[in-house]
Amino acid sequence: MQDSKKEKILKKYYREVKMEDLRRAFFDKLSSVPPTMEYVRNLILDVKLFFRMLSDPNFDLREETRRDFVAVLLYFIESRDAIPDWIPMLGLWDDYKLARYVKQKHRQEIERYFAQVRHFVANYF
């Protein structure tokens, strides 16, 4: 089924163009478009997992892991004088890097959690 609006747009913007001109214009545009926000989604999923593990009364979290998770959550929660978090492409990048580091650092503890808590169902993956 065709969408007449979209078809009109296609007709309006189509023109003969040399491949080299198209290539140059395409890569110029790509260089001006900011990166996707996938890391913000991943950050949110990571901090949700950290909070879930911290707040699970049935899981005996190692003390070092507990301290690191709390620190990451506070870093995420509290505002800082650097780039504000309401500018997500920049303001949450440092939060994401910190959460990723802690996630890697405590990978075994996270894997142990998933192995022990079989009923864990979330939008983590």
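Set aside the neighbours within four places in sequence, and Glu-109 is in contact with Met-53, Phe-59, Asp-60, Leu-61, Arg-62 and Thr-65. Keep in mind that this is a predicted model. Its chain averages a pLDDT of 74, with 58% of the residues scoring at least 70.

- You'll find Glu-109 in helix α7, the part of the chain where confidence is highest, at a mean of 93.
- Glu-109 counts as buried because its relative accessible area is 4%, and the cut-off is under 20%.
- The Glu-109 side chain reaches the backbone nitrogen of Arg-62 at 2.9 Å.
- Met-53, one of the contacts of Glu-109, is itself among the buried residues of helix α3.

**Salt bridges**
- The structure has eight salt bridges.
- Arg-62 turns up again here: Arg-62 pairs with Glu-64, with the closest N and O atoms 3.1 Å apart.
- Glu-64 also meets Lys-105 in a salt bridge, at 3.5 Å from N to O. That pair links distant parts of the chain, with Lys-105 in helix α6 and Glu-64 in helix α4, 41 residues apart.
- Through shared partners, salt bridges join Arg-62, Glu-64, Asp-68 and Lys-105 into one network.
- Glu-63 and Arg-66 form another salt bridge, their closest N and O atoms being 2.6 Å apart. These two sit about one helical turn from each other because they are three residues apart in helix α4.

**Where to be careful**
- Confidence is lowest in helix α2 (residues 19–32), at a mean of 60.

Notes
Residues are numbered from 1 along each chain as its sequence is written. This is a predicted model: local features need pLDDT of at least 70, side-chain atom pairs count only at pLDDT 80 or more; totals for chains, interfaces and linings use all residues. Side-chain values use heavy atoms; hydrogens and water are left out. pLDDT is the predictor's confidence in each residue, from 0 to 100. Helices (H or I, at least four residues) and strands (E, at least two) are DSSP runs, numbered from the N terminus. Buried means under 20% relative accessible area, exposed over 50%, partly exposed in between (1.4 Å probe, protein chains only). A polar contact is a pair of N or O atoms within 3.5 Å; within protein, one must be able to donate a hydrogen and the other to accept it, and residues adjacent in sequence count only if both atoms are side-chain atoms. Contact means heavy atoms within 4.5 Å. A salt bridge is a side-chain nitrogen of Lys or Arg within 4 Å of a carboxyl oxygen of Asp or Glu.
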